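Thanks, I'll keep this short. Please have the sequence and the model open while I talk.

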Amino acid sequence: MGPQEVTVYTRPGCPFCTSLRTGLRRQGLEFAEVDIWQDPDAAATVRSLADGNETVPTVVVGEWSAVNPSTGQVMEAVGEHAPERMPDRKPGAVEGALNALGLRKSSGD
């Protein structure tokens, strides 16, 4: 089996999505973001995981999924279900802030 993807399902204007994305970027985690308003299949996936609701953020890591998880919960799941996706190192405060703002790519790029 190949590396597991880390997928964050979101929608525009969702403050919880913004918070989670910021936290994951601050940690240096690379993830795929999918807008459920632009992708009907993604919306169906979220409904299947969120008791029929389109609640975001919904995160999938391999066979693990969670609706509105914390950054810590996602990082723990990545460590357990997709350890190959864990950042090589935790960014320092300044680098983490730049990552969170989208002003710097992770050192692996």
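I'll go through the nonpolar cores first, then some backbone geometry in the loops.

Bear in mind that this is a predicted model. The largest nonpolar core has 15 residues. Those touching the most other members are Leu24, Leu29, Val59, Val61, Trp64, Val74 and Val78. Which elements give two or more residues to this core? They are the helices α1 (15-26) and α3 (71-81), together with the strands β1 (6-10), β3 (58-61) and β4 (64-67). The most comes from α3, which gives four residues.

Take Leu24 as an example. Beyond its neighbours within four places in sequence, Leu24 is in contact with Val8, Leu29, Phe31, Thr71, Val74 and Met75.

There is also a second, separate core, of eleven residues. Cys14, Cys17, Ile36 and Ala42 are among them.

Now the backbone. As background, most peptide bonds are trans, and most residues other than glycine have a negative phi. Where is Pro57? Pro57 sits in the loop between α2 (40-49) and β3. The peptide bond from Val56 to Pro57 is cis, with omega near 5 degrees.

Asp51 is found in the loop between α2 and β3 as well. Asp51 is not a glycine, yet its phi is positive, about 55 degrees. Is Asp51 buried or exposed? With a relative accessible area of 76%, Asp51 is exposed.

Asn68, in the loop between β4 and α3, is another non-glycine residue with a positive phi, about 55 degrees. Its relative accessibility is 38%, so Asn68 counts as partly exposed.

That's what I have; I'll take questions now.

Notes:
Residues numbered from 1 in each chain as written. Predicted model: local features only at pLDDT ≥ 70, side-chain atom pairs only at ≥ 80, totals over all residues. Heavy atoms only, no water. Core = buried A, V, L, I, M, F, W, Y, C linked by side-chain atoms within 4.5 Å. Buried < 20%, exposed > 50% of the residue type's maximum accessible area, 1.4 Å probe, protein only. Contact = heavy atoms within 4.5 Å.
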